[in-house]
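Subject: Structure handover

Hello,

Here is the structure I promised to pass on. Please open it first, then read the notes below.

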Amino acid sequence: MPRFLAAILCAVPVLLAGCSPPSSDSEGPAPDLIVINADVHTVDPSAPKAGAFAVTDGRFSAIGTNEDIRHLAGDATTVIDAGGVTVLPGLIDGHTHLIGGSGLAVGVDLSNIEDKEEWLRRVREKAMSLPEGEWILGGGWDHNLSDGILPTKEMLDQVAPAHPVLLDDIDGHSTWANSRAIELAGITADSPVPAGGEIVVDPATGQPAGIFKETAGRLFDGAPGLAEATDPVTGLAAAVELANSLGLTTVHDMSGNFDAFLSLLDDGKLTLRVWQGVRPAAADDGVPADLYAGLARERARIRELVAASPHTAASGTLFDIGYTKLIIDGVLSTHTALMKAPYSDMPDAEPEPFVSKERLNAMIAAAHQHDFPVAVHAIGDEGVSWVLDAFAASPGVAGGPADRIEHVEVVTPDDVERFRSQGVTASMQPHHATCCVGNYVIGRIGRERLDNAYDWRGMLDQGVPLVLGSDWPTSPFDPLVQITDTLHRETRIDGVVRPWDEGRALTFDEALYGYTQAGANATDWGDEIGSISVGKWADFVVLDEQLAEPVGRSLESRRVTQTWLAGRRVFGE
Ligand SMILES: [Zn+2]
C-alpha cells in the first residue's frame, strides 16, 4: 500500500479495524516535526479538517487527530503545540510583481494610507533606522486618498533632512523627493527634462517643489548611491521576506530578472516558490516562433541550474519559468480597456488593442508550440472575448497547466461559460474590485454592466478554475486582506462602505481554495503543494488565533505568526 494511503486509512481506524495505527516503530523513522492541538483547514476535500499532522523530510507524512499523531513523535521529533489556533496550507498568490514591489519592501510603504502625517511618521521612522546619507526609497502614496494636494520637498526635509528621499506614487507617474535627493542629483528648476516629463516648480521660490512627473523622475538616475540602494537582489530578498511574513509560500510572478532569483536561490534566501511568467522582450515585433525558441532555451538553462541546486533537493522547485505573459488591453481607470459597448462616462473613447488579433493568435500558437502555457492580461469584456477566441484557435500545452486570463474585470455571461467549455483559468484580484467599484468603475461601465464586473461568483458557479491573487504592488500583498475582500464584496459608494451586489460574495473556503490549491493547479506543482495532504511539501501557515465559524469580519484582525516551507520555518519564532 502506498505510504500516503496507509496514513489516510489508518486515520479512520473505525472503518478499518485491522489497520494498525501509524507508529514510529513499524513505519520507519519518526517524523522530524509534529504539530498538535491545531485547527487545521487542510483544503484537501477528502479530509477538510484535522487536529494534527506530522512532517518527515520536508513533506506531510501523516494527518489526523491529536491521538493519531502525538504518539508518532520520537526522541528527535520537534513537537509544536499550536494551542488551538488555525493552521492553513501555505498561501499562493496568483499574480505578483516582486521586483516591481521591492522598493516598498525595502523602503517605506505608504500605500492605502490617507493621513499625510502618517506618511511622514513612516519616513521619519525609516530615517532613524538607516545611517545618514543612505537613500530612503519606496512610496505608494496617493494624495487623492488624502487632501488631493501634492506633497512638497519641505515636508520630507522636516523628517529626514540628512537622507536623500525618493518616493514613487501609487501609479508610478510621479516621484516625490526631498532637498538632499534633489541636490545629490544636481537638479535645478532649469534642468532639461526628457519628453513627457515635468519638474513641478514652487512659484514662491522658483525652485523645484519636490514633485517630478512622469519622465522627470529619470533625472535622479545617476545620483550617487542610488544604484546600490536599488540593487535588485537586495530588493528581491526584502520582497521574499515580506511575502513569507504574510503567509505566502508560492507566487505566480511577473518580474523578469531571472538572475536575481537565481542569486537568491544560491544563497539559500529564496524561501518562496516562484512560478515565473516571462514576457517576450519584443512582444510587438519579431517572428513569434523565434521569440519563443529563444525563451525555451533560456528556460532550459534555468531549469538545469535549479535542478542542480541543493535547495531543490531539500524543498522542491523554488523557481521555474512556468508560463508566458501577453497583454491585450489597458485598464478601466484610463478608458484603455477594450469594451464591447462604449464607456458610460466617455462614449467617444476608442481604446486601441495592444496587439492585433493576428499577432495575438500567432504569439499564442508559438508559445504553445514551445510548451509555454499562456497568461493574457485582459480587463474589458471585448478584450476577454478576443483572448478566448485566440485560445479556441490554439489548443493549450498538452499535459501542462491551463491557459489563463489575468484580471477579467468585465466579462459577459456567455464568455464565463466559454472559460468553462474551453478549460481556461480565471486569475482575478479581489481588491481591484473593492477599491475601485465605487471610486470609478460605476462611472466607466454604468450600473447596468456592473453585474458583469469582477464576477468571481459566476466563475465558480460555472465550475471555472478561479485563481486569486494581489497584483502587488498595485494592491495589498496581504492575502488575508484579499480574502476578506471576497467575503464582504464592499466598496465605498457616496462616502459609505457597503456591498454593491449582495449575495455574490465568496465563502471563506472558496476564497481559501483560490489562494491555495487553485493556484497550485495553475502550475506544474498541483500534486506537490496547495493543500495539507500526505506526500505534499509541508508548506503551512500558523495564525494568531482560531478562526471563527463561519469566518467573517474577524479575519481582518488575524495575523500570521509562523510560515513554514517544506518543513522549515521561514517566518516567525
Ligand atoms: Zn500585474
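A residue counts as buried when its relative accessible area is under 20%. By that cut-off His95 is buried, because its relative accessible area is 1%. Please keep in mind that this is a predicted model.

**The zinc site**

Which residues hold the zinc ion? The protein donors are His95 and His97, each through NE2, and Asp471 through OD. They lie 2.1 Å from the ion. Along the sequence the donor residues follow the spacing H-x1-H-x373-D. His95 and Asp471 join distant parts of the chain, 376 residues apart. His95 sits in strand S8 (residues 91-96). Asp471 sits in the loop between strand S21 (466-468) and helix H17 (479-488). Is Asp471 buried or exposed? Asp471 counts as buried, because its relative accessibility is 8% and the cut-off is 20%.

**The parallel sheet**

S8 and S21 turn up again here. An open sheet of 8 strands runs in the order S8-S15-S16-S17-S18-S19-S20-S21, and its pairing is parallel. The edge strands are S8 and S21, each of which pairs on one side only. On average, neighbouring strands are turned by 25° against each other, with direction ignored.

Look at S16 (residues 273-278) next. Of its 6 residues, 6 are buried, so the strand is largely enclosed by the rest of the structure. Arg273, Trp275 and Gly277 point one way from S16. Val274, Gln276 and Val278 point the other way.

S16 has a partner on each side in the strand order:

- Strand S15 (residues 248-253) pairs with S16 in the parallel sense over 4 bridges. His252 stands opposite Trp275 in S16.
- Strand S17 (residues 319-327) runs parallel to S16, joined by 5 bridges. Tyr323 in S17 is the bridge partner of Gly277.

Further along the sheet, strand S19 (residues 404-407) and strand S20 (residues 425-428) run parallel and are joined by 3 bridges. There, Glu406 stands opposite Ser427 in S20.

**Helices around S16**

S15, helix H9 (residues 258-266) and S16 make a right-handed β-α-β unit. Which residues of H9 are buried? They are Phe258, Ala260, Phe261, Leu262, Leu264 and Leu265. Gly268 follows H9 and has a positive phi, near 75°. Helix H10 (residues 288-308) lies across S16 and S17. H10 runs at about 155° to S17.

**The core**

In soluble globular proteins, nonpolar side chains tend to be buried together. How many residues does the largest nonpolar core have here? It has 99. Those with the most contacts inside that core are Leu98, Phe319, Leu332, Ile405 and Phe419.

Leaving aside neighbours within four places in sequence, Phe319 is in contact with Phe258, Phe261, Leu262, Leu270, Val274, Gln276, Ile302 and Val306. Phe258, Phe261 and Leu262 are among the buried residues of H9. Val274 and Gln276 point the same way from S16.

S13 and strand S14 (residues 208-213) run antiparallel and are joined by 3 bridges. Val201 stands opposite Pro208 in S14.

**Strand S1**

Last, go back towards the start of the chain. Strand S1 covers residues 33-36. Leu33 and Val35 point one way, Ile34 and Ile36 the other, and all are buried. S1 pairs with strand S6 (residues 78-81) in the parallel sense over 4 bridges. In that pair, Leu33 stands opposite Thr78. S1 also pairs with strand S4 (residues 52-56), here in the antiparallel sense over 3 bridges. Ile34 stands opposite Ala54 in S4.

Over to you.

Best wishes

Technical notes. Residues are numbered from 1 along each chain as its sequence is written. This is a predicted model: local features need pLDDT of at least 70, side-chain atom pairs count only at pLDDT 80 or more; totals for chains, interfaces and linings use all residues. Side-chain values use heavy atoms; hydrogens and water are left out. Donors are N, O and S atoms within 2.8 Å of the metal (3.2 Å for Na, K and Ca); water is not among the atoms, so sites may look incomplete. Helices (H or I, at least four residues) and strands (E, at least two) are DSSP runs, numbered from the N terminus. Buried means under 20% relative accessible area, exposed over 50%, partly exposed in between (1.4 Å probe, protein chains only). A nonpolar core is a set of buried Ala, Val, Leu, Ile, Met, Phe, Trp, Tyr and Cys residues joined through side-chain atoms within 4.5 Å. Contact means heavy atoms within 4.5 Å. Two strands pair if DSSP finds at least two bridges between them. A crossover is right-handed if, with the strands pointing away from the viewer, the path from the first strand over the helix to the second runs clockwise. Axes are lines fitted to C-alpha atoms, for helices over the stretch in contact, and angles run from 0 to 180 degrees between N-to-C directions.
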